Each structure stands twice: as C-alpha cells, then as structure tokens.
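Okay, everyone, thanks for coming.

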Amino acid sequence: MTDKAKPTQTSPARAESQKGGRKAKRDAHFPKADQSIWQKSSGSWAAMPKTLLLIAQLVGAVEKDSLLTLTLIGLWLSTYDDGYVAVGSEGNLAVECGFTQKQNNRRIHEWRKRVKRLHELHFVELEAKERLAISHILIMDPHDAILEMHKAGRFNNSNFTDLRERLGDRALDVGVTRLKPLINQSSSEEPEERNEPRVEDVVQNEKDIQTDKIPGTKVMKRKRVP
C-alpha cells in the first residue's frame, strides 16, 4: 500500500497529536487558548498539505515567477478539503493571489496565465466556459506534480538543491515518503542552467484579452511541459 493511502511512518508531531499531547502542552503554556484562537467551527477554513509552502517556493524558483507561488497558495485557500474551486469572480481571485495591476482586465489576464501554467505542470485541472477562460478548477495532489518535475530533471540546477532537500525532509517528517528521492538526488546529475519559460508577458491591447475567451464549455487540454 502506498504512503498516499497509509503513511509507512508516523512523524513525532502526528504521534504526539494522536495522544493529545499537543493540546496539553499548548494549554500548559497558554491556558486561555481556546477562547482566542481561530478554529474550524469559526467558519471559512481551508485544508492543505503541510508541505505546501515549500512546494510553492520551489515551483516559483524553478519557473522564475513569484506570482506562480502566490497563485498556487491562493487556489488552495479557495477550497476546503474537496480540491474544488468554483471561480465566481476572476478579478477578485486574481487580487487575492497577489495581482495588483490597476486595470482589472490585466489582472485577470496575468492570473489566467499562471493558472494555465499550473495546469501544464499537473498541479490543477481546468474547465473553460464561455466568457470565462477559467470557470472550474480541481486542485491535484501537489506531491505527484513535484515527482513529475523531479523525474523530468527540473530540480537538477544546484540553485534549487536547498529547497528541494528541505521539501524532501519535511515530506518525510509528515509521512509523505514518496518524496524521499528529492533528498537522495543522484550525484551523476550535473547541475545545469536551463532557459525556463517565463510567464511575464504584458497585455499589449484588448485583443490579448479576447484570446483568453474560449467558446463553449470544455475541459482544457494540457500542453506538453518543456
């Protein structure tokens, strides 16, 4: 059975939590914690992997695009524990993901490009609808996408060694053992500079915005990742 269904190891933090040790320790230091902390019962919550921040940083570094990092985190914060994002207002979601251009159509255009790049990298599945280039998003298991990038040699550059190994260590700590190859990178892989595609085009005119509109409703096909 894979670690996805049943982790092969239990982290110290998880074992302590199962015994109620974390809450007891917290209450010993902060006796009134339950009266002031945010809890699920407060509403408006999101569930995400404990490795997400390192994953988002690593992907942003490889793609040379910090807004891709914010977009991935923003999408996770837009769902609960079902992986589904119903895109109501693309403009509002773009702002939440860090796009602050004055023109709303430019914000939407730049946000769409990052989401489509995440689709190409297997982090999300997309459905397009008339007048909305992106209407429904399914967030995939990010560990699978990271493994695909690793197998494709996307982390070979020595500039990414620290983040890659930190992600591998953190994954093992929380029981995601299938990311162990991130730590045991083969020494035969030579560091190399790659000309990564950069997602930084500027909208030149209204025609650029129009090209984002996809007639009909369909599941978007994934482009081959370079």
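So, H4 and H9: how do these two helices run relative to each other? They're roughly antiparallel. This is a predicted model, by the way, so keep that in mind throughout. The angle between H4 and H9 is about 160°, with the axes 10 Å apart. Anything over 145 degrees counts as roughly antiparallel, and that's why this pair gets the label. As for handedness, H4 passes H9 in a left-handed crossing.

Which residues actually meet there? From H4 we have Leu-54, Ile-55, Gln-57, Leu-58 and Ala-61, and from H9 we have Leu-163, Arg-164, Arg-166, Leu-167 and Arg-170. Sort that contact by class and you get six nonpolar, one polar and three charged residues.

Now stay on H4, but look at its contact with H5. Here the packing angle is about 150°, and the axes are 8 Å apart. The crossing of H4 and H5 is right-handed. On the H4 side, the residues in contact are Leu-52, Leu-53, Ile-55, Ala-56, Gln-57, Val-59, Gly-60 and Glu-63, and they meet Leu-68, Thr-69, Leu-72, Ile-73 and Trp-76 of H5. By class, this contact of H4 with H5 has nine nonpolar residues, three polar and one charged.

You'll find His-122 in the loop between H7 and E2, and with a relative accessible area of 36%, His-122 is partly exposed.

Okay, the core. The largest nonpolar core has 42 residues, and the members that touch the most others are Leu-75, Trp-111, Phe-123, Ile-137 and Ile-146. Several elements each supply at least two residues to this core, among them H4, H5, strands E2 and E3, and H9. Which element gives the largest share? That's H4 again, with seven residues.

Let me pick out Phe-123. Leaving aside residues up to four places away in sequence, Phe-123 touches quite a list, including Ile-55, Val-59, Leu-72, Leu-118, Ile-146 and Met-149.

One more residue, towards the start of the chain. Ala-33 is in helix H3, which covers residues 33–36. Ala-33 counts as buried, at 6% relative accessibility. Setting aside residues up to four places away, Ala-33 touches Arg-26 and Asp-27. Its C-alpha atom is 9.6 Å from that of Lys-23, ten residues apart along the chain.

Last, the big picture. The chain has ten helices and four strands, and going from the N terminus the order is α-α-α-α-α-β-α-α-β-β-α-α-α-β. Of the 226 residues, 40% count as buried. And if you take the contacts with a separation of 6 or more, 66% of them are between residues 24 or more positions apart. That's me done, so over to you.

Notes:
Residues numbered from 1 in each chain as written. Predicted model: local features only at pLDDT ≥ 70, side-chain atom pairs only at ≥ 80, totals over all residues. Heavy atoms only, no water. Core = buried A, V, L, I, M, F, W, Y, C linked by side-chain atoms within 4.5 Å. Buried < 20%, exposed > 50% of the residue type's maximum accessible area, 1.4 Å probe, protein only. Contact = heavy atoms within 4.5 Å. Axes fitted to C-alpha atoms, helices over the stretch in contact; angles between N-to-C directions. Parallel < 35°, antiparallel > 145°, perpendicular 65-115°, else oblique. Left-handed = near helix turned anticlockwise from the far one by under 90°. Nonpolar A, V, L, I, M, F, W, Y, C, P; charged D, E, K, R; others polar.
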